[in-house]
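Hi,

Here is the structure I promised to pass on to you.

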Amino acid sequence: MSAVTGPSRSDGPVVLGIETSCDETGVGIVAGSRLLANEVASSVDEHARFGGVVPEVASRAHLEAMLPAVDRACRTAGVTLTDIDAVAVTSGPGLVGALLVGVAAAKALALGIDRPLFGVNHLAAHVAVDTLEHGPLPEPAIALLVSGGHSSLLRADDLTAGVMPLGSTIDDAAGEAFDKVARVLGLPFPGGPHIDRVAADGDADAIAFPRGLTSGRDMQRHRYDFSFSGLKTAVARWVAATQQAGVDVPVSTVAASFQEAVSDVLSRKAVLACTETGVDTLVLGGGVAANSRLRAMTEHRCAEAGIRVRVPRPGLCTDNGAMVAALGSLLVTAGVAPSPASLGADSAMEVEQVSVAPSTDPAGTPA
Ligand code: KG4
Ligand code: ZN
């Protein structure tokens, strides 16, 4: 990232954010809603041969990458540690060992520079990152959060106070489906970006893959929920049948048709959630929000329905530290109480909980 002008007091709080919930070591620095640095060190290459993230390998990689990433972020932002007003860190959800590395680093840093510490929810941070590019989030807003571990529709009336889940996946997350289908197609891990790339040469209408939970009865019981497990199985069966027939699998066409099915369901239900709740802003977040077809289809459908759609640039959709810093900055500005020094990692942190307040810390006593 190129050097930027350092912070000025009028920008708002200077917040350093640390993200280590999965395989990306992210350190971001913001001043108010101005992005100053976003350093990401990924251990993805170390996991690729296993076809998925190996928790122990991820934790060790975070340990090695943390201090250099903090150093680089400060240099890029043009700040020293004493310029930082608050430290924010992903407290959950995620891989517990990986989270602990980030939480320990953030605690040490906050203690060392004597600044408040904010343990935040990774999922809310995926939503908050959009404020760095598009300014304050209109309230209320609906968020479509689609990542490797989660797929949810959320209503945010005040992101710093909490979010209300409207629906979520009942089986696989959208990103998980991308990764599994990529594997079936012989594409590398993580599969999402590869499916996105090869799908550009395929016919998205060639194969009518199922759209989970969109039929009449399912729409009554699971109106804003998602299901991608059946779709994944349908792709695997289609590929197996083609191979058995001795025909070459048309990888780009399968990828495009699969991507079309996922994008169709996600965008359709997101628009429905907006129109039925009378909310006119939709925010996309999470790694799958980097998908070109999902972005285009959602923008098209939102334009038709008179809904404003906000999507961070692809590099801010996938895991990074800037999103954690962005949420930390919103919390500081809103006067939310910092987390206690006993802050822990909460691998199963509920989506409703945006930050760890003193009284909600599962690990310890109020600070
Ligand atoms: O948000 P994220 O970086 O990490 C989690 O919080 O899980 O999301 C990672 C997921 C992976 O499943 C990856 O395959 C998917 O996001 N992904 C994509 C694209 N880029 C990343 N899926 C579809 N299209 C993309 N361009
Ligand atoms: Zn994520």
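Below are my notes on its salt bridges and aromatic pairs.

First, the ground rules: this is a predicted model, in which local features need pLDDT of at least 70 and side-chain atom pairs count only at pLDDT 80 or more, while totals for chains, interfaces and linings use all residues. Residues are numbered from 1 along each chain as its sequence is written, chains are lettered from A and ligands numbered from 1 in the order in which they are written, and side-chain values use heavy atoms, with hydrogens and water left out.

Salt bridges

I counted a salt bridge wherever a side-chain nitrogen of Lys or Arg lies within 4 Å of a carboxyl oxygen of Asp or Glu. Searching the whole structure gives 15 of them.

Asp172 takes part in two that I would like to show you. With Lys180, the N to O distance is 3.6 Å; with Lys232, the closest N and O atoms are 2.9 Å apart. Lys232 belongs to helix α9 (residues 229-244) and Asp172 to the loop between β8 (162-168) and α6 (174-184), so this pair ties together parts 60 residues apart in sequence. (Helices, H or I with at least four residues, and strands, E with at least two, are DSSP runs numbered from the N terminus.) Asp172 is buried at 8% relative accessible area, whereas Lys180 is partly exposed at 32%. Here buried means under 20%, exposed over 50% and partly exposed in between, using a 1.4 Å probe and protein chains only.

Another salt bridge joins Asp264 and Arg268, at 2.8 Å from N to O. Both residues sit in helix α10 (residues 251-277), four residues apart, or about one turn of the helix. Asp264 is buried, with 8% relative accessibility, and Arg268 is partly exposed, with 37%. Bridges with shared partners also connect Asp172, Glu176, Lys180 and Lys232 in one network.

Aromatic pairs

Rings of Phe, Tyr and Trp (its six-membered ring) pair if their centres lie within 6.5 Å; planes under 30 degrees apart are stacked, over 60 edge-to-face, and the rest tilted.

Phe178 and Phe258 have ring centres 5.0 Å apart and planes at 75°, so they are edge-to-face. This pair links helix α6, which holds Phe178, to helix α10, which holds Phe258, 80 residues apart. Phe178 is buried at 3%, and Phe258 is buried at 0%.

Phe226 and Phe228 are stacked, because their centres are 6.1 Å apart and their planes are at 15°. Both of these residues are buried.

Best wishes
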